[in-house]
Amino acid sequence: MATLRSLLHRAATGALLGLAALALPAAAGELTHDQLARRIQPPLHVGDKLHDIPAWPISSELEPDAGPVAYAFESIDLAPIPGFEGTPINLLVTIDRRGNFLGVELIRQHEPVFLSGLGEEPLKDFLRQYEGRSLKQAITVSSLYGNARAGADSNRVVLDGVSKATASVRIVNQSVLTAALAVARARLGFAAPADKAPPAEVRPDAFAPRSFAQLVESGAIGRLHLSHADVERRFAGSEGAGVDPEALARPDATFVDLYVAYLNAPTIGRAILGDAGHADLMRRLEPGQHAWWVASSGRDAFVDDAFTRGTVPPRLAFSQDGGPVELRDLDLAPAPPAGAPPLNAALVLRVPPMSGIDPASPVRFELTLTRAKGSMLPVVTQRSAVLDYQPPANLFHRPPAPLPDWLIAWKDRASELAAIGAALLVLSVVLARPRWMSVSASRLRAFRLGFLAFTLGYLGWYAQGQLSIVQITGAVKSLAAGAGLKSFLYDPVSLLLIAFTLVSFAVWGRGTFCGWLCPFGALQEFAAHLARLLRLPERRLPARLGDLLEKSRYAVLAALVAAAAFAPQLAEKGVEIEPFKTAITVGFDRSAPFVAWAVLLLIMGGIYYKFFCRYLCPLGAAMTLGGTLRLLDWLPRRAECGQPCQTCRHRCAYDAIEKSGAIRYDRCFQCLDCVGIYHDEHRCAPIVLYRKRAARQR
């Protein structure tokens, strides 16, 4: 078996590595049978794709009668979860018949950070961590923002995440697990759905000596009693009615008493099997495997002389929550428990190790009853009798349900979210009551530079909170594909900023994000300050050219949104007009053309203030459209503003003040300079004039 496992591992790994290199179209089910089969070496071979689930069975010539030893499948067929930019990642996953991962390899991905930022190698390194892991384990992803640890829970596995790609690798993990669990449920006996709470666990310390009668009375041993009359009623109106003379002669006599009991629980198992027998049973069972004692007394037995030990009792069906599970004889010969009635049959039956059965929840045993009418060509009629069984709850404890992966991401980044939330609160207070902060030019300058440093260093480079046009095009792709927007939950920092920005549209307009919360915008502002220190010239574009470029942002935005809906590959290239990934996400660790573009924009921003933000940024165009939701003109104005005073207009670096003195909120970045001038008795010309007139009148 060790040789087989080694051969299987090498062959599957070779297949996966080869498939990862294929250049395939962006569609579900990208691999053909031949493409997979060419990479599987003897003694392994690939069967035809299954009809009930899109997976290829892999068999071994060394075990011709053993069935598939592994399954290979594409994640996009089973878990097409949209990535960060809206397109599902496609992975080739291989698991063996015990639910262990043999490998997870990349077929295709469109994540911006892995396309030309970090490159695909960090993603491939992440995927290699699945090898040797098991679906029995709770697999989660850690990150530098809040590293989770497995601790004492040996059944938990924490994979190392990828810095600057936390949301993407969490989506990858969800894709791998969802796809693998789908195959495991269909082919490996996993009965529980992926989102079901963890099954209850037996309390090994919960033991109390009980007699057979006490166990039956408490429900710890389930009993189904059928008299001849009960059976006759089941066959009433059918060909099987009235064909049993003994049943008709003695209707109140017992036809069968069926007993069932859950053996893993010590109170039940030790009473039925004895101390030594129960200990032997627990040694035989694999982790996660459950066993039941089934016995019968009376005229009928649930198995007959033709039953073959070690197989499935043909007359007995077992299910939970409507899902059938195979019960197989463990080939033990338990002695009748003390106090039990005379038994005509007794077996110890077990389910597969990874059946997903919850032993503390109700299960159903269904006994098939058969009658035959006639001797030459008898007419066979079947009916069933059901025994619903649930052992006492005090024999179990329930582990806490695992958190969904997206919620783990929120918990892991709780400290970052708290810090950013506090910063947003401070910013909200300043914008809501700007007078004290803005009336002093030096105080406003210190606060603004400090907050922008936080935005660039902490929010951008550390917490990776740079909002991007990719989030808009990704949402369009996801919605166009009918996949929803659940992938946004995996990036809590961005989702917090999106929520705050949407609220700010109605309160203050577009400038809250663009002026205070955009890391690249902050970097541009620092570039402008550096340019002044270097004595580089500060210029302004001609008004007509500036207006034309400003309007062109909407054309770029419309083109990218349309491409996302109808030509996704074109959209992936078009979003590179943004330098955000280069300058913020990967910190300029990128190929020369992208770095050159980002540096060029920063130089232009040093000469023409906020050049990219004002004239090229498609996200800024979207923010401007969002700013039309603003409810109030909250920046204060005087009657003299613009008539004749032009102080604020000439000092506004964004050209956001008209000659009339009105604020153009679609251009305003909320730097608060004009608010400070408005309240400053030394800088506001109308106030200076009022003071001079008042002084002359005195």
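This is a predicted model: local features need pLDDT of at least 70, side-chain atom pairs count only at pLDDT 80 or more; totals for chains, interfaces and linings use all residues.
Ala, Val, Leu, Ile, Met, Phe, Trp, Tyr, Cys and Pro count as nonpolar here, Asp, Glu, Lys and Arg as charged, and the others, Gly among them, as polar. Residues are numbered from 1 along each chain as its sequence is written, and side-chain values use heavy atoms, leaving out hydrogens and water.

**Counting the holes**
- A cavity is a set of points, on a 1 Å grid over the protein atoms alone, where a 1.4 Å probe fits but cannot get out, and its lining residues have an atom within 4 Å of a point.
- The count comes to 7 cavities of 30 Å³ or more, a volume being the space filled by probe spheres set on the points.

**The largest cavity**
- It holds about 160 Å³ of space.
- Of its 17 lining residues, Cys652, Ile657, Cys671, Asp673 and Cys674 are the closest to the centre.
- Two elements give two or more residues each to this lining, α25 (647–651) and α26 (673–679); helices like these are DSSP runs (H or I, at least four residues), numbered from the N terminus.
- The top contributor is α26, with 3 residues.
- The lining splits into 14 nonpolar, 1 polar and 2 charged residues.

**The second largest cavity**
- About 70 Å³ of space sits in this one.
- Its lining includes Phe513, Cys514, Phe580, Gly620 and Met623.
- Here α17 (511–517) and α24 (618–626) give two or more residues, with the largest share, 3 residues, coming from α24.
- You'll find 9 nonpolar, 1 polar and no charged residues around it.

Note on methods. On a 1 Å grid over the protein atoms alone, a cavity is a set of points where a 1.4 Å probe fits but cannot get out, and a pocket is an open set with protein on both sides within 12 Å along at least five of seven lines; lining residues have an atom within 4 Å of a point.
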